[in-house]
Structure formats: structure tokens, C-alpha cells
Amino acid sequence: MASHNSIGSSSRSRSKQTSSSQVVCYHNEIAPLRTVRYDGPTKGKRFFGCSYWPEQRTCGFFKWADEVDDVRDLQHLVMEKETRICELEYEMDMMKDKVKRLKAKKEKLVEEVEEMGIATTETMFELKENNTDKRLMLTLVFSWAFFTLVLLMK
């Protein structure tokens, strides 16, 4: 009787850095290359499996070695997408900082405009007061001139 799922030796590398020629399991660990050793139609066929197999916490990753190019391509694509996501997150952080600086600049400009508005209002009041003073002086001068003219006519 044949033994059930016996495998060759496997080495476990806990390194998160993998080259493009390595296959990683769903734990993001290097998936070791193994060989089917039990009798049957797949005896001798090579496969990649979870780096934790046959332990209990296996992620279930399994891929025949002759199908691995598809997996490598997909893993490479995922790695490119993750890199782009990191780049976009960095750009987003930079944009958030820029927005923060622009908001602070806007607040400062709003305060300056408010101060200018107050100064303008004060200046306008001063001008109105000066105009009122001038009108009063003119009225006084004309009234004295009229009074003098009336006195001279009598």
C-alpha cells in the first residue's frame, strides 16, 4: 500500500524579500518546491506549496511547478500594484501637507483682509468727519458774510 502525501525536504525561508523567480505562498513566504512521492498518476510531479505545510496554520497555497509562470506573473503584477499604491499614498500625504499649508496661508490672508477692511472703514469715518468739519466752516463763513451783508445794507 502506498503512503499518503509524502514529500521531499523543504526549507523554510522567513525572508519577506523574494526575487522575481521565487514563488511565495499566501503568507508572503517563499513556497518551497516539493515532489509528490505517493503512488498514483502524479507521482514524481513537482509542486510549490505553503511554506508551513504540513503544520496546522497552512494557507492552502498549492501550484504545480509547470503552472508556476502564471503565478510568478501574477505575483509580479501584485508587487507592481503594491509599489504603485505606496507611491500614491506618498503623493497623497504630500498633497495633504500642501493643502494644510495653503489653508494656513488662506487664514493668514483672510485676517489681513479683515484688518485692511477695518483700517479702510476707520479712514472713511475720518474723511467723513473732515468733510463735516469743512461744511460747518463753510456754513459759518457764509453765515458771517450774510450777517455782515445784512448789517451793511441797513
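Read along the sequence, the chain runs β-β-β-α, with three strands and one helix in total. The model is predicted. Of the 154 residues in the chain, 14% are buried. Among contacts with a separation of 6 or more, 41% join residues 24 or more positions apart. The chain exposes about 12900 Å², and carbon and sulfur atoms supply 60% of that area.

**Salt bridges: K45 and D66**

- The structure has four salt bridges by the rule used here.
- One of them joins the side chains of K45 and D66, with N to O at 4.0 Å.
- This pair links distant parts of the chain, 21 residues apart.
- K45 sits in the loop between strand 1 (33-35) and strand 2 (46-49), while D66 sits in the loop between strand 3 (62-64) and helix 1 (68-153).
- K45 has a relative accessible area of 29% and so counts as partly exposed, the range for that class lying between 20% and 50%.
- D66 is exposed, at 59% relative accessible area.

- R84, E87 and E91 are linked in a network of salt bridges.
- Between E87 and R84, the closest N and O atoms are 3.3 Å apart.
- Both E87 and R84 belong to helix 1, where three residues, about one turn of the helix, separate them.
- The side chain of E91 also meets R84 in a salt bridge, at 3.9 Å from N to O.
- R84 is partly exposed, with a relative accessible area of 40%.
- E87 is partly exposed at 38% relative accessibility, and E91 is partly exposed at 40%.

**Aromatic pairs and a charge over a ring**

- Four aromatic pairs turn up in a search of the whole structure.
- In one of them, the ring centres of Y26 and F61 are 5.2 Å apart and the planes stand at 85 degrees, so the pair is edge-to-face.
- Y26 lies in the segment before strand 1 and F61 in the loop between strand 2 and strand 3, so this pair ties together parts 35 residues apart in sequence.
- Are Y26 and F61 buried or exposed? Y26 is exposed, with a relative accessible area of 61%, whereas F61 is buried, at 6%.
- F47, F62 and W64 form a cluster linked by ring pairs.
- The charged end of K45 sits over the ring of W64, 4.4 Å from the ring centre.
- K45 therefore has two partners described here: D66, through the salt bridge, and the ring of W64, through its charged end, while K45 itself is partly exposed.

**The segment before strand 1**

- N28 lies in the segment before strand 1.
- Which backbone angle stands out at N28? Its phi is positive, about 65 degrees, although N28 is not a glycine.
- Most residues other than glycine have a negative phi.
- N28 is partly exposed, at 38% relative accessibility.

**Contacts of Q75**

- Q75 is found in helix 1.
- Which residues does Q75 touch, not counting those up to four places away in sequence? Q75 touches Q22, V23 and V24.
- Q75 and Q22 are 53 residues apart in sequence, and their C-alpha atoms are 9.6 Å apart in space.

**Annotated regions from UniProt**

- The unreviewed UniProt entry annotates residues 92-119 as a "coiled-coil region".
- Residues 136-153 are 100% helix and 0% strand in the model, with 25 Å between the end C-alpha atoms.

Technical notes
Residues are numbered from 1 along each chain as its sequence is written. This is a predicted model: local features need pLDDT of at least 70, side-chain atom pairs count only at pLDDT 80 or more; totals for chains, interfaces and linings use all residues. Side-chain values use heavy atoms; hydrogens and water are left out. Helices (H or I, at least four residues) and strands (E, at least two) are DSSP runs, numbered from the N terminus. Buried means under 20% relative accessible area, exposed over 50%, partly exposed in between (1.4 Å probe, protein chains only). UniProt positions are given in the numbering used here, feature names are shortened, and annotations may be inferred rather than shown by experiment. Rings of Phe, Tyr and Trp (its six-membered ring) pair if their centres lie within 6.5 Å; planes under 30 degrees apart count as stacked, over 60 as edge-to-face and the rest as tilted. A charge sits over a ring if NZ of Lys or CZ of Arg is within 6 Å of the ring centre and within 35 degrees of the ring normal. Contact means heavy atoms within 4.5 Å. Accessible areas come from the Shrake-Rupley method with a 1.4 Å probe; for residues, only the protein chains shown count as cover.
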